[in-house]
Amino acid sequence: MGNGPAESLNGGMMMGSSWDQEVDVVVVGSGAGGMLTALVAAKNRAEVLIVEKAAQWGGTSATSGGGIWIPGSDQALAAGFEDNLDDAFRYVRGLSAANVPDANIRAYVDNAAAMLRWVTANTQIVYTAQPYPDYHAENPGGSPTGYRTHLPELFDGKLLGDDLKTQRFPSPAASLFGYLNWTFAETYQLLYRSKGWAMGLARNMAKYWFDWPFRFSSRKDRRLTLGNALTAGLRLALNQQGVPLWLSTPMQDLVIENGRVTGLVVERDGRPWRIRARKGVVLAAGGFDKNQAMRDAHAPLYGNAYLSGGVTSNTGDAIRVGQAIGAGTMNLQSAWAAPVFYVPGEDRGRLVTIERALPGCIMVNQKGKRYLNEAASYHIVGQQMARREAECGDGSPSWMVFDNRYRQDFPMGPLLPMVPDWLQASGVRKIMKKGRTIADLAHAIGVGPDALTRTVERFNAGAAIGEDPEFHRGEAAYDKMYGDYRHQPNPCLRPLTEAPFYAMPIYPGDIGTNGGLTTNARAQVLDAAGDPIGGLYAVGNNAASSMGESYPGAGVTIGPAMTFGYIAARDLTGANI
Ligand SMILES: Cc1cc2nc3c(=O)[nH]c(=O)nc-3n(C[C@H](O)[C@H](O)[C@H](O)COP(=O)(O)OP(=O)(O)OC[C@H]3O[C@@H](n4cnc5c(N)ncnc54)[C@H](O)[C@@H]3O)c2cc1C
């Protein structure tokens, strides 16, 4: 540990005690929550440093859809949707957990649009409001027409220079062939193979392969979309502000003096490095996604770290360090639940968003029975699967069962349409099952043939007239969002009739944990008695979510991560930009 004068990041030497470095604000973690916090603090004239544990920056945020749930945005108003913040509050309040204070939900709802206005004014990120229904649109305050979910537009990765090479890759679930990025609009064009899809795909592939000489030095697609576009835009703005981002620099400890956090200890170049934070430390180090021991201890319902879509470096370090200095925690039992496919050899589960709602498929348990509305939000389906497994032991894996027409028309996770079985990736061939009849398929997946045949017959009878009396698939606004709009009377229902039949194992997983350190409406970390710990803030999945155990709409994880980052940065710099 250095004992000489502490060194300022700006190059000046400062007389001091045993610090190796001094800045105003240290942000731990380079996801969307951390980078936005750092950027707002830097714009408010603070000297800021980001420390990142992994060798790549961007966290799960970079691998995500980049969607943010922002009630009452300027973008929504421009699209003709006049929101009401009281409705938005009522909606989230009705879904969130009882132990989440009103003040936290109110702080989010009231500051989200201001945060997005700030991002629009201070970065090159462009967000547009989408006609994407809330996940529980029928609840009081919910929006069936959408316009609370916002998605980022394309971002030109060339602007980042060499920093692009260390940005996290998109999730395998959100890129084609593992390398080609797509926008949300392109997803639909590809999904329905609507007019111009082949030209569009060829154009994007040509752009990728002819991106010389970059193509020789990186696999990365510089046409950035979704979470890559969001985090690249934040990184570019940070670079323009001169904010350093240290990779491979895990936080190990917090330094606390007279009850106040005054700095932290990181590991840098193989040795401890003490950094003083004059104004404060912001913990934005994600959840305990990949920490199996913490899952076993706190979140047994979401018991498998390998199935989480979170990045491998999210191991709950900053939750444990916070606890060690007396911070309280809340809702550690919770996660952003999701059904996932697991391709052997990959380091995460692949989120299954769209496929479940498309016509021609069903999900069954190991007894060959349906037990849920497949088209509900991934969080609801993930929770139901996890509970089924915990209560009956037959939900993990469950099976997505579909017929040949579905197979030809649509993807099923990594299983691509229009590509013969033998040409699918080897990991996909390992998990895909096939049968000439439903009974054959049942044998292949170890399910009773009579039970599966009865399930399909019952489903088919309803689907033929667009009805699902058992689980009401295709009735809610959100179900229809991902159904096939060309298929009527119910865009989510079609009988499974065309042989051969297929099945893919699907698991209860998650896209990250969402219980964490207890924070107040200013994003300050609270101690066990509920009092703020001076100098310490937490945002994103590092903090207990304002959503409790619910998932009100697309973007309710990154939206709050960025909004509370905005609040934290303004609070600790005491400025108003
Ligand atoms: C496929 C997929 C799609 C998704 N789509 C969306 C979406 O569209 N909208 C949405 O709201 N949510 C989405 N999510 C969920 C969302 O990505 C996460 O909830 C969110 O990104 C978490 O943000 P964060 O800033 O808290 O953490 P992260 O983005 O995970 O960043 C945390 C960072 O902290 C670093 N870190 C960890 N420990 C330390 C340490 N000791 N020292 C220093 N650094 C450390 C990590 O390496 C990581 O880089 C999606 C998730 C997946 C997997």
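Tyr 132 is buried, with a relative accessible area of 4% (buried means under 20%, exposed over 50%, partly exposed in between, with a 1.4 Å probe and protein chains only). The model is predicted: local features need pLDDT of at least 70, side-chain atom pairs count only at pLDDT 80 or more, and totals for chains, interfaces and linings use all residues. Residues are numbered from 1 along each chain as its sequence is written, and side-chain values use heavy atoms, leaving out hydrogens and water.

**Aromatic pairs**
- The whole structure holds 29 aromatic pairs (ring centres of Phe, Tyr and the six-membered ring of Trp within 6.5 Å; planes under 30 degrees apart are stacked, over 60 edge-to-face, the rest tilted).
- Tyr 132 and Phe 184 have ring centres 5.9 Å apart and planes at 35°, so this pair is tilted.
- Tyr 132 lies in the loop between strand S6 (127-129) and strand S7 (149-152), and Phe 184 in helix H6 (residues 184-191), so the pair ties together parts 52 residues apart in sequence (helices, H or I of at least four residues, and strands, E of at least two, are DSSP runs numbered from the N terminus).
- One aromatic cluster includes Tyr 132, Phe 184, Trp 336 and Tyr 551.

**Charges over rings**
- The charged end of Arg 222 sits over the Phe 214 ring, 4.1 Å from its centre (NZ of Lys or CZ of Arg within 6 Å of the ring centre and within 35 degrees of the ring normal).
- Arg 268 places its charged end over the ring of Trp 273, 5.3 Å from the centre.

**Nonpolar core**
- The largest nonpolar core has 107 residues; Leu 36, Val 48, Met 412 and Met 562 touch the most other members (buried Ala, Val, Leu, Ile, Met, Phe, Trp, Tyr and Cys joined through side-chain atoms within 4.5 Å).
- Helix H5 (residues 102-122) gives the most to this core, with 10 residues.
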